Amino acid sequence: MKSLKIITALAILGVLILLACRKEEQPDINAAADPCACASEVSADFEIIERHSQIANSEMIVTDHVLQNSGTKQVRFRAKEEDAEYTWYIGTDVETDRETFKTFGLQWIGSNIPITLVVKKEPNTICFPQDDGYDSITKNFTIYQECHEPYLLEGTFRM
C-alpha cells in the first residue's frame, strides 16, 4: 500500500513536471532588412525647373519644355544626388553648385539647349562594387513661345 502511494505520487509529480516544462512560444524573428534596399549608385540625374508664371512667388515645376513669352525666363537646374561634387556645363559656362540657374531671353525661342552635369561622389562599394563614383548626363530642353504647338500635347504637365 505504501509503495502504491509512492508510485501514485511519483506519477502525479511526473505529469506535473511534464505539463510545467512545456516550451514557451517565442515570436518569429524577422529577417534583417536588406541594407542595400534604399541604396543607389552615384547618379548625375537632374531636374529642369521653371516657374509656371512670372509672378514672383508662383510655384516651381519640373519640366523639359520651357515656355518663354516675356522678356526673360529663368530656368533652374537641380541635381538629384546629394552631398557630391557637381560640374555643370551650360553652353560655355561652368557651374559647381548642386543647383544653378540661367536666364534665357527671347532670342532663345526655338532653341534646343543641351545641359550636361558631371557628378563625383564616394561610391557605396558594398552594395555596388562596380560603381566608380562618377556619372555624367546630358539633357536637352527646348524653349517655346506659345503653348499651342502640337508637340506640347505630349509629356507630363503639372499645374
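Reader: What stands opposite H65 in β9?
Author: In this predicted model, H65 has T142 of β9 as its opposite number, where strands are DSSP runs of E with at least two residues, numbered from the N terminus. Residues are numbered from 1 along each chain as its sequence is written.

Reader: And how many bridges join β3 to β9?
Author: Three bridges link β3 to β9, which covers residues 134–144, and the two strands run parallel; strands count as paired if DSSP finds at least two bridges between them.

Reader: Which sheet order do they belong to?
Author: They are part of an open sheet of five strands with mixed pairing, in the order β3-β9-β8-β5-β6. Because β3 (65–67) and β6 (93–95) stand at the edges with a single partner strand each, one side of each is left without a neighbour in the sheet. On average, neighbouring strands of this sheet are turned by 25° against each other, direction ignored, with axes being lines fitted to C-alpha atoms.

Reader: How much of the chain counts as buried?
Author: Of its 159 residues, 25% count as buried, meaning under 20% relative accessible area with a 1.4 Å probe, protein chains only. Local features here need pLDDT of at least 70, side-chain atom pairs count only at pLDDT 80 or more, and totals for chains, interfaces and linings use all residues.

How values were computed. Heavy atoms only, no water. Helix = DSSP H or I, 4+ residues; strand = E, 2+ residues; numbered from the N terminus. Axes fitted to C-alpha atoms, helices over the stretch in contact; angles between N-to-C directions. Buried < 20%, exposed > 50% of the residue type's maximum accessible area, 1.4 Å probe, protein only.
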